[in-house]
Amino acid sequence: MAQQNMIKSASDEIWQELETGLGQIFRNEPITPTRYMQLQTYVCDYCFKVSMLEGVNSPQEQQSKRSDHLKRIADFVSSELYIKLSAYLKNHVGSILEECRTRNGEEQLRYFNTQWDNFRRRSNVVDGIFG
């Protein structure tokens with residue numbers, strides 16, 4: 001149980017770093033290649049935390065029996081990250097919508113069009129990090 005709490009804490013810290021990176025991307029702050037690779041590494045670290053659940057020094061015969069179990073855990077971990085990313089994006093798009101509602105007519109249309117173009121471009125960066 002203590003090990004699972006450590007893993008949960010580590011995954012929360014990783015998500016906080018990813019969330020900070022997402023904020024940088026969607027605020028159109030410059031992302032250096034080093035920062036981009038760091039964010040990709042966080043995604044990998046988040047998804048591969050499953051190896052900490054089983055231990056890396058398991059005997060070979062136990063590993064073959066556990067492969068299905070590990071795949072189920074890995075799928076859960078990946079879906080957990082997907083849910084967090086989806087919630088982040090939903091919140092981000094919701095804030096754009098709220099700002100859009102404060103405008104009228106052509107101003108609203110221009111704002112929406114600009115935001116949509118920005119979102120599409122920045123989503124490609126996010127896809128590269130999480131993909």
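This note sets out numbered remarks on the predicted model shown above.

1. Basis of the remarks. The model is predicted, and local features need pLDDT of at least 70, side-chain atom pairs count only at pLDDT 80 or more, while totals for chains, interfaces and linings use all residues. Residues are numbered from 1 along each chain as its sequence is written, and side-chain values use heavy atoms, with hydrogens and water left out.

2. Overall architecture. The chain holds 5 helices and 0 strands, where helices (H or I, at least four residues) and strands (E, at least two) are DSSP runs numbered from the N terminus. Read from the N terminus, the order of elements is α-α-α-α-α. Of the 131 residues, 27% count as buried; buried means under 20% relative accessible area, exposed over 50%, and partly exposed in between (1.4 Å probe, protein chains only). Among contacts in the chain with a separation of 6 or more, 69% come from residues 24 or more positions apart, a contact being heavy atoms within 4.5 Å.

3. Geometry and faces of helix H2. Helix H2 covers residues 33-47, and its 15 residues should span 21 Å at 1.5 Å a residue; the end C-alpha atoms are 21 Å apart, which agrees. The expected span is 1.5 Å times one less than the number of residues. Buried in H2 are Arg35, Leu39, Tyr42, Val43, Tyr46 and Cys47. Seen down the axis of H2, these buried residues fall within an arc of 130°, so they line one face of the helix; the arc is that of the directions from the helix axis to the C-beta atoms. The exposed residues Pro33 and Thr34 are carried on the face of H2 turned away from its buried side.

4. Helix H5. The 26 residues of H5 should span 38 Å at 1.5 Å a residue, and the end C-alpha atoms are 36 Å apart, which agrees. The buried residues of this helix are Tyr111, Gln115, Asn118, Phe119, Arg122, Val126 and Ile129. Gln108 also lies in H5 but is partly exposed, with a relative accessible area of 27%. With neighbours within four places in sequence left aside, Gln108 is in contact with Cys100, Arg101 and Arg103.

5. Packing of H2 with H5. Two packed helices are described by the angle between their axes and the distance between the axes. H2 and H5 (residues 105-130) pack at an angle of about 50°, with their axes 8 Å apart. Axes are lines fitted to C-alpha atoms, for helices over the stretch in contact, and angles run from 0 to 180 degrees between N-to-C directions. H2 and H5 are therefore oblique to each other, given that angles under 35 degrees count as roughly parallel, over 145 as roughly antiparallel, 65 to 115 as roughly perpendicular and the rest as oblique. On the H2 side the contact is made by Tyr36, Leu39, Gln40 and Val43, and on the H5 side by Val125, Gly128, Ile129 and Phe130. By class, this contact has 6 nonpolar, 2 polar and no charged residues; Ala, Val, Leu, Ile, Met, Phe, Trp, Tyr, Cys and Pro count as nonpolar, Asp, Glu, Lys and Arg as charged, and the others, Gly among them, as polar.

6. Ser11 is found in H1 and is buried, with a relative accessible area of 1%. Beyond its neighbours within four places in sequence, Ser11 is in contact with Tyr46, Lys49 and Glu80. The C-alpha atoms of Ser11 and Tyr46 are separated by 5.8 Å, although the two are 35 residues apart along the chain. Gln24, also in H1, counts as buried at 17% relative accessibility.

7. The loop residue Asn28. Most residues other than glycine have a negative phi. Phi of Asn28, however, is near 65°, a positive value in a residue other than glycine. Asn28 is found in the loop between H1 (2-26) and H2, and at 51% relative accessibility Asn28 counts as exposed.

8. Helix H4. Tyr88 has its place in H4 (residues 60-101) and is buried, with a relative accessible area of 16%. Leaving aside neighbours within four places in sequence, Tyr88 is in contact with Trp15, Glu19, Leu22, Gly23 and Phe26. Tyr88 and Gly23 are 65 residues apart in sequence and 9.5 Å apart in space, C-alpha to C-alpha. Leu97, also in H4, is partly exposed, with a relative accessible area of 40%. The C-alpha atoms of Leu97 and Phe112, 15 residues apart along the chain, are separated by 8.2 Å.
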